[in-house]
Structures are given as C-alpha cells and as structure tokens.
Amino acid sequence: MLQIKKFPLGMIAANCYVVWSDESRKGVMIDPGGYSPALEAYVRDNEIVIDKILLTHGHYDHIGGLYEAIKLTGAKVYIHKDDADCLISANANISVMFGMSASFDAADQFFKDGDEIDIADGYTLKVIHTPGHTPGGVCFYCEKARALFSGDTLFCASIGRTDFPGGDYQILMQSLKRLMLLDDDVMVYPGHNADTNIGYERTHNPFIA
Ligand SMILES: [Zn+2]
Ligand SMILES: [Zn+2]
C-alpha cells in the first residue's frame, strides 16, 4: 500500500510529505521545508529508502530543509526548470521576504508536464505543470492511490497567492481548471493546511467556478 505521511515544517508550516510503498519500503519526499527530528525518526524507524526529493515549486518555505533532507536520504533533487532559479537565488525563492538569504545547490534533475515519476511497486506520480503561483509550480498525481499533491496551487477552500514574483492570477485559474478534470474522489494533499478532495473543492472552493 502507498503510505502518505505529512509533516508541517518550517516557520510557516509548509506540508512535507513522505510518500512510500510499504511493500518495498521505497519512496519519495515532497517539499522538505525545514528540519524535523520527527521526520528523520519516521524515515529511519520505517527504514524507508528515499531516492527522490520532489519540489512542487521553489519557494523557501518548501525547500528550507533541503540540505538536511539530502543528508538524511542521499536523494536527488527534482524541480520544474521554470523554478530552477529558486534553488540558487535568494530573491527567486523569496527567502529574503522571510528575513534571510538562503540559496542551495542547483537541482539534479528537471521534470516536465506529463512526466511519470516512479515511486515503487507500480506507484507513480504524474507531473501536472500548474503555473500561476510560480512559473514552475507543479502538482503530482498518483492515479493508483487517487492522490494529488497540490503544492501552493490548490488549498482546502483556497488557492495560492499570485502576488509573489512570477505569480499570475489568470494563469493560476487555467491551472486550476486542469486540476478540476480529475475525479471527485481524488484526495488532495496541499502545501499548507488541511487535506481535502477534488469533489469538495469543486463545490466549496470560492475561486473555482
Ligand atoms: Zn509558495
Ligand atoms: Zn508555501
């Protein structure tokens, strides 16, 4: 079975997810926004082998724990190329807005819209490019597990801000339309706050017509 474990990390509690198959104990980590002893203990205690760190976008609150996550897992870092600058530029990753200047090594790999990223045991994550919050923002969709990791594109009854550099409200609306093509039963695991599902968002999200 696919296991999905959420850790709200960092100063504004961005949701980091450890997504792994308990059959082979292989998995991926999404958005390590900070360091957490609980996250480290979870990965170690469950003996999870994580070979990919996947970033929904390059904002500092989602990448602040990157060095610790790499040290813990030895995994490669993946991002969309349109957010690649965020790793190396404190202005691009808006850490300057958090009162610091943070930069990281460049990503190891870039994914693009439609890529299928292997987790393990037949579970994959399809990359859905959803610009609007950032140019290189993406969601990850696991069809087999009926799960969408929506980053800062879609939240429970809300959507991502579009007033940061590279943000665009109209483009975000187009991205949300693509997400609404998914079925109502798909669970949504956002970059902040509570889980939701596509059906609930279709009927309750004030930004979705
Ligand atoms: Zn963001
Ligand atoms: Zn965020």
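Student: What share of the 209 residues of the protein chain counts as buried?

Tutor: In this predicted model, 45% of the 209 residues count as buried.

Student: Why is Leu182 called buried?

Tutor: The cut-off for a buried residue is 20 or more other C-beta atoms within 10 Å. Leu182 has 20 of them within 10 Å, so Leu182 is buried.

Student: Good, that settles the label. Where is Leu182 found, and which residues does Leu182 touch?

Tutor: Leu182 sits in the loop between α5 (169-179) and β13 (187-190). Leaving aside residues up to four places away in sequence, Leu182 touches Leu148 and Ile198. Another pair to look at is Leu182 and Arg146: 36 residues separate them in sequence, and their C-alpha atoms are 9.5 Å apart in space.

Student: Nice. What makes up the secondary structure of the protein chain?

Tutor: There are six helices and 14 strands. One open sheet has six strands in the order β1-β2-β3-β4-β5-β6, with mixed pairing.

Student: Why are β1 (2-9) and β6 (109-111) said to stand at the edges?

Tutor: Each has a single partner strand, so one side of each is left without a neighbour in the sheet. The twist from one strand to the next averages 25°.

Student: What makes β1 and β2 a pair?

Tutor: A pair needs at least two bridges between the strands. β1 and strand β2 (residues 14-21) share eight bridges in the antiparallel sense, and therefore β1 and β2 meet that cut-off. Lys6, for instance, has Tyr17 in β2 as its bridge partner.

Student: Which helix lies across β1, β2 and β4 (49-54)?

Tutor: That is helix α1 (residues 37-45), running at about 160° to β1. Helix α3 (residues 66-73) lies across β3 (26-30), β4 and β5 (76-80), at about 155° to β4.

Student: What is the strand order of the open sheet that includes β13?

Tutor: The order is β7-β8-β9-β10-β13-β14, again with mixed pairing. Its edge strands are β7 (116-120) and β14 (196-197), each pairing on one side only. Within this sheet, four bridges join the antiparallel strands β8 (residues 123-129) and β9 (residues 138-142), and His129 stands opposite Val138 in β9.

How values were computed: Residues numbered from 1 in each chain as written. Chains lettered and ligands numbered in written order. Predicted model: local features only at pLDDT ≥ 70, side-chain atom pairs only at ≥ 80, totals over all residues. Helix = DSSP H or I, 4+ residues; strand = E, 2+ residues; numbered from the N terminus. Buried ≥ 20, exposed ≤ 12 C-beta atoms within 10 Å, placed from the backbone. Contact = placed C-beta atoms within 7 Å. Axes fitted to C-alpha atoms, helices over the stretch in contact; angles between N-to-C directions.
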